[in-house]
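Me: Got a model open here and I'd like to talk through a few bits of it. Can you take a look with me?
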Amino acid sequence: MKKSVFLGALTVSSLLAGAAAAATLDDVKARGTLNCGVVTGLAGFGAPDANGRWEGFDVSYCRAVAAAVLGDPEAVEFIPTTGKTRFTALASGEIDVLARNTTWTFSRDTDLKFDFIGVNYYDGQGFLVPKGLGVTSAKDLDGATVCIQTGTTTELNLADFFRANNISYEPVPIETNAEAIQQYLAGACDTYTTDASGLAATRATFEAPGDHVVLPEIISKEPLGPLVRHGDNEWGDIARWTLNALITAEELGITSANVADMAGTPGTNPEINRLLGTEGELGAMIGLESDWAKNAIAASGNYGEIFEKNIGENTPIGIARGLNAQWTNGGLLYAPPFR
Amino acid sequence: MSTLTDPQQGSFRLSMLLSDTRYRSYTFQFIALVALIVAMAFLGLNLVRNLAAQGLDISYDFLSSASGYDINQRPIEYDSQSTHLRAAVVGILNTLIVAVLACVTATIIGVFAGVMRLSNNWLVRKIMAVYVEAFRNVPVLIWILIIFSIMTVSLPAPSAFRGETPTSTMFLDTVAFTNRGVYIPAPVMGPGAWIVILTFVASILGIFALRKYAMKTLFDTGRIVPTFWPSVALFFLPTLLVHFILGRPIGLEYPELRGFNFQDGIQIRGSLIALWFALAIYTGAFIAENVRAGIQAISKGQTEAAGALGLRPNRIMSLVILPQALRVIIPPLVSQYLNITKNSSLAIAVGYMDVTGTLGGITLNQTGRAIESVLLLMLFYLVISLSISTIMNIYNNSVKLKER
Amino acid sequence: MSDMHSHSVGFVRDSVIPPAPPPALESGIVKWMRTNLFAGWSNTLLTLVALYALYLVLSVLVPWITNGVWNASNIRECREIMQGSGGGCFAVIADRWQQLIFGFQYPEESYWRPSLAFILLFIAVAPLLFSKIFPRNLLILTAVYPFLAFYLIWGGSILIPIMAMVGFGAGYLVYSKLVTNSFAAGFFGGVAAAVVVWYLGGFITGAMPGFLALEPVASRDMGGFMLNMILGVICVSLSLPFGILLALGRQSDLPVVKGICVVFIEFVRGVPLITLLFVANVVLAYFLPPGTSFDLILRVIIMITLFASAYIAEVIRGGLAALPKGQYEAANSLGLDYTQSMRLIILPQALKISIPGIVNVAVGLFKDTTLVSVISMFDIVGLIRGPILASTDWNGVYWELFGFAALLFFIVCYGISQYSQWLERQLATDHR
């Protein structure tokens, strides 16, 4: 008799806990910090600097979300995840949002029960080779030894590419980027393949970057984006529209420098006013303060600023905007309107 | 008094469950069982509820779908269209390969170092002591990473073998040491090769027969039949003779640099070598200590007694000391073998595709089936461990000192 | 008889010859070398081979250390200074030693706290390890240490560890009052007392969260070698009681209890630690009530503790089995019940002879804490493989970093294993 009462009590208490867990937004507010899953260390995208402060493209997105939700861009707990652990960390609720250059694929969106909230970087898988190898196309790589960073979609793309072109290769799976570089530079593999952005970031760290080229073939589409758990649509909306706010801010010319002024004195452009909360009730619609977008932009700037600061052409990584330019400049970034 | 020893029959009270030793054990066991069931039910219930909340289920269907990724070291046929199950089997075979190689090598290194630590040469003794202490006291993961780095950085890339004046050449034109691995010649079976192999098997059997015969003569007549040189001769001569008479049916295919890599021959990959050597050297240090302890456990009186019987030093070692020492050495040796098998799961650090790398690595990543993959992984290691322990228990019982 | 001899011997020396010095070849360093290095041709050959091997190793190692560069801000600068002299780029250690030791998120101004906790560790374990030298009542330091270390490393109000300690103290007091009657009463009474004190203490700590507070540090901010130490110390200490219980359970006459313990021990010992860490990392969350989110470090501590307790249980089982059967029988014949005989007779002796084995398990476990780097925790190996090698400044410095990590582990593990050997010698004197 007593046992069943005990079990019942356990069931009830855990059911209550389950109900409470559903609303991520309330959890984050109650906790006072945002738990953001990031990469363990990839220059430009997410890595702690010498002082232990996380910096990078994905990291800045986390700060923007924290600023939008909590008003404080520093209220983020960065949780490093590997390719293996990232999805479980998100599914189990250990992290609220995963911003870890993760490719948006069908099965991840549906079978793994996640929601990709957009694309913050359009990428594709490329090959890095030493110039001395004399290879100009990925199709010349018949019989080559290829270093791959495991735990990503790269293994699958690679298998598909070589199979489609009916050429052979020898895969060398490597756990971390640093070790892959070591193998590649020592000549233990002929080529290193991962997302082209990662290749550029990697190449920038070399002693003589000029001796290495990224081959022109991009063998896959890699739309990288932040993701949240499936089912909590309110939280998904917040994550999605924070990203859109950053993109729209660049389109409308709102920067971290002028966002305070623009929010202080409503201008003539109604969309800017709506975005910054001086007009309309957009913030309330997603359960946030009216100045949520202002905070998000003030955190580390608009999309363009984040890009330039972390991976842009003036950084060691030196990636051109390319596909990641605004649609007005011939790129693919096209945020839905704020109205 | 009588009430203490003989409680009244038929008057069972509830408090006796705690106070009466006859019932108390049942109470405790019942409590333990209930606690276990409650704990299990709690965990299981949580699992079901969590999975339901996330819309997931437990299913092993993913094992029969195409894996989509390639594996470099394939003991059995495998390509990216094969199933996840086959990928897991490839991983299991790779685990077994590295474990067996490392066990053999670790034993050789360990016995050598253990005997050398007892050498009367001071320098050798000290060097071996440094080796043992250095490897025993540093995590094996660090050694794996260090040896992998040494391999990668200090050996030449295949491109060093290319060109008019290559900076590296193949060892004896047959073996190429590169940082992608070591390329050795592969045997090619021509017609009649099986006769050669059969001859070889037959001569191995012959060696055993000879030893048995020698032992029997020794026990029956006391005459010592020489076995060492006849064994060596038996090992090589018939096989080589048949091989040449049949016109060399087993040929060698030499590795050759074509394109980016050495082709033909057998490639022993760098990741395999790094893992193999790291495990062998690390575990060898532990085995050395076991061997040393085993030899030292045999009391000095045994050596002196054997000497008093007029045995020569090498016979004292092989006939008196080692058989007794082995009884002490083998149980810890087997647990070191178990450790090697378990530590081989660190293959993931150097990209060797063992079962942790395929089933617990890429398959887990690609399918997101964490619970299923990890369960299968644990099951595999458990089966290996339990079978080795069973064999060891049988051995232990067979060598146990018969006490009367 | 003596007469006969006095006649037959013509000369009898009546003074003792002064001892002559041994021949030059049989004395001093020459003799030592002849017996230890050049005794026979095979021995000489061994010496030469060993010398050559030594030369090979040292010819790389010595310039690497002596030509090492300690002052540079990145690897390119390092290479410029070295100009291919074969030296090591130790500047990375000078640059990042704080990260290597404390992790990159521990607040810099608080480094003294874990350092102090580390030093106090020696004081705390000394009475435990050298029980003959230190008086027994110094053990109180050992008992206080966990709470002090928690306060130092994690920070927060000092009231929390004090309340925890008071709870344990109250529990122990009640236990020692009641245990003379029956173990069960003492045990449950103690637990109840502790729980009551903790419950009441919760109000006090809740009311004064800032009392004597150090800056709180979250456990995920722990990293570097400190994380290895924390994991090692906590898991070994926690696994001891579990290990004892499991060992007793495995030796028990109750088939159900014995069965549970055997299955648990064999299961844990049969799988590699890394799969258990995978469980901690990717599976355990599914088995917890929805909404509970455990810290990763806590989950890892649970898993490593389970792992270690199975091994310690086996060591203690060996100790229990090694006790002469007479001890058990003697305890029974005195009329002691099970808990009394275990507590007063069997365990003190069994634990004493298991200490060297336990120390070996502890060393192994401490080394195994590096495996947490595989599940994306930033212990010293994880830090090297992750942030440090991934940074543009130090991409390519492998030997120096791994060498440094290896050195740290060597110092700690060698120290412990030397202690264990010393202890074995101490214990061995009792038997021979």
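Me: Which residue is the bridge partner of Cys147(A) in strand 10 of chain A?
Reply: That's Val172(A). Keep in mind that this is a predicted model.

Me: OK, and how many bridges join strand 9 to strand 10 of chain A?
Reply: There are 6 of them, and the two strands run parallel. Strand 9 covers residues 144-149 of chain A.

Me: What's the strand order in that sheet?
Reply: The order is 10-9-11-8-12 in chain A, an open sheet of 5 strands with mixed pairing.

Me: Which strands stand at the edges, and why is one side of each left without a neighbour?
Reply: Strand 10 (169-174) and strand 12 (212-214) of chain A are at the edges; each has a single partner strand, so one side of each has no neighbour in the sheet.

Me: By how many degrees are neighbouring strands turned against each other?
Reply: On average 25 degrees, ignoring direction.

Me: And what does helix 8 of chain A touch in the sheet?
Reply: Helix 8 (residues 196-204) packs on the sheet against strand 8 (125-130), strand 11 (191-195) and strand 12 of chain A. The helix direction makes about 30 degrees with that of strand 8.

Me: Switching topic: how many residues of chain C are in contact with chain B?
Reply: 42 residues of chain C, which meet 46 residues of chain B.

Me: Which element of chain C gives the largest share of that side?
Reply: Helix 17 of chain C, with 9 residues. Elements giving two or more residues also include helix 3 (40-66) and helix 11 (255-270) of chain C.

Me: What's that side like by class?
Reply: On chain C's side there are 34 nonpolar, 7 polar and 1 charged residues.

How values were computed
Residues numbered from 1 in each chain as written. Chains lettered and ligands numbered in written order. Predicted model: local features only at pLDDT ≥ 70, side-chain atom pairs only at ≥ 80, totals over all residues. Contact = placed C-beta atoms within 7 Å. Helix = DSSP H or I, 4+ residues; strand = E, 2+ residues; numbered from the N terminus. Nonpolar A, V, L, I, M, F, W, Y, C, P; charged D, E, K, R; others polar. Pairing = 2+ DSSP bridges. Axes fitted to C-alpha atoms, helices over the stretch in contact; angles between N-to-C directions.
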